[in-house]
Every structure is written in structure tokens, then in C-alpha cells.
Amino acid sequence: MYYEPTEKDAPAAEVWSSELYLNFVPRLFERLRKEFGEDIPLLHDAHHRLTPMEAGRLGKSLEPYHLFWLEDPTPAELQEGFRLIRQHTTTPIAVGEVFNSIYDCQQLIREQLIDYIRTAVVHAGGISHLRKIASLAELYHVRTGCHGAVDMSPVCMAAALHFDLSVHNFGIQEYMRHTEETDRVFPHAYRFSDGTMHPGDKPGLGVDIDEKLAANYPYRRAYLPINRKLDGTMHSW
Ligand SMILES: [Mg+2]
């Protein structure tokens, strides 16, 4: 699965079958536990592709492999839809990478329908608003797990790390390495080693923008993939 637009001319088509997926994923995690043991945290992203009942089935079938979290099992606009998932599984649920405000997750948090809230600094109102979300979440034993895919710039990553350090209910920080070109355009103090991140000691967020260098990389249109079911009809990507 791509996490940034990479197709230059037209979107690539991926093939999707919920039925095949729901049968395959438990076997995948059974194999992973056999190969790597019980103690490595394993996370899985369903990318909003399931109905609530399908998500309940998936969570239930993954319980023997005790995931760290199951991410975005179903589209989250329908917050009460997560009640159905909760009724069927104890697999921890993580949601929120596309949320824009506390109102997108207040029901999920208040009803304890999720375990991790994944709002990102640049999507959900900045550091101050994210701290409000974290404070609400803390009351309900929900921990943070900020979205940190490469579509978040190094500015957002630096802000996320400072946010993470400032809340008591920090859970985990997602991190995907940016390209070397991106890292050069955004010189930054934060660093990653041995599975952990440090925001560095520079003042402020500790990240800058080299606008001259950035001018070498003008905008080029690119696409995320699309998703087609086995019969060729469209499915959420
Ligand atoms: Mg995700």
C-alpha cells in the first residue's frame, strides 16, 4: 500500500476483496507470531475498508495474536458504528488520522469505543487543539498515537514530537522516514534511532525550511491508487 502519491500519469488500480482479506489476515498474524514470537508489538491498518460487522469479525479473529492496535477498521464518520465493533472484540482500536477537530472523535472517546486517538497536528487544529483532544482522551483511558506517514512534513513530525512529550497519555508516535531530498529541504533537529525518536535540543520546533533548495522540486501532479473489487467495481481505498 502506498502512503504518498507516487503514480505520475494515472492512478494505479489495486484489487480488493473483503472476503479474501478477512480469511487471509488471521493466517498472516498466526505465521508472524510463530516466526517472531509473542513479544514483538504488531500493528495492522485496515484503511477504512470494512463494515463495522466485518471489522468486529476481524478483531475477534486476531485476538489470539494480541495486536498492539487495529487501525481504521471502518470509516469513522459514523462514530456510533464503533459500538458494533466493541461488542465483538477486545482487539485495541486506533482511529483519527483524517480527523479535523475534537468533534470528530468526542463520541468515540466518551463512549470508550477506541483505545488510541491518531489525530495529527496539521489536520486537527494545531498543537493547542490537539492538547484539548488529548486531555479529553486522558479522562477515558484513551492514549495518543499521532499519524506520522510521509504525507506529514518534517514540520508536522517535529510538532508531533513536542506534543507527544507534553501529554501524560502519550501512547506511540507513527514515523515513516522521509526521502533524503525532503530531509534536506527541511533541516531538522529530531532524530530516530533504535526504534525511538528524540525532538533534539534546538529552540522552537527545531525544524527549518530551505526555500532555495525547495525551488528545485516544483510541484508535479501525482495520484494515490484506486481500489477495485474482483468484479471491477470501485471500493474505498
Ligand atoms: Mg493509516
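The largest cavity in this predicted model holds about 30 Å³ of space. A cavity here is a set of points, on a 1 Å grid over the protein atoms alone, where a 1.4 Å probe fits but cannot get out; the volume is the space filled by probe spheres set on the points, which are joined across faces, edges and corners. With a threshold of 30 Å³ or more, the count is one cavity.

Select Ile117, Thr119, Leu130, Ile133, Ala134, Thr144, Cys146 and Phe163 to show the lining of the largest cavity; lining residues have an atom within 4 Å of a point. Six of these residues are nonpolar, two are polar and none is charged, with Ala, Val, Leu, Ile, Met, Phe, Trp, Tyr, Cys and Pro counted as nonpolar, Asp, Glu, Lys and Arg as charged, and the others, Gly among them, as polar.

Next, colour helix α5 (residues 126-139), which gives the largest share of that lining, three residues. Helices (H or I, at least four residues) and strands (E, at least two) are DSSP runs numbered from the N terminus.

Now go to the magnesium ion. Asp45 (OD), Glu71 (OE) and Glu97 (OE) coordinate the ion at 2.0 to 2.3 Å. Donors are N, O and S atoms within 2.8 Å of the metal (3.2 Å for Na, K and Ca); water is not among the atoms, so sites may look incomplete. The spacing of the donor residues in sequence is D-x25-E-x25-E. Glu71 lies in strand β3 (residues 69-71) and Glu97 in the loop between β4 (93-95) and α4 (106-110), so the pair ties together parts 26 residues apart in sequence.

Glu71 is buried at 5% relative accessible area, and Glu97 is buried at 8%; buried means under 20%, exposed over 50% and partly exposed in between (1.4 Å probe, protein chains only).

Residues are numbered from 1 along each chain as its sequence is written, and side-chain values use heavy atoms, with hydrogens and water left out. Local features need pLDDT of at least 70 and side-chain atom pairs count only at pLDDT 80 or more, while totals for chains, interfaces and linings use all residues.

Key: 1 Å grid on protein atoms, 1.4 Å probe; cavity = no way out; pocket = protein on both sides within 12 Å on 5 of 7 lines; lining within 4 Å.
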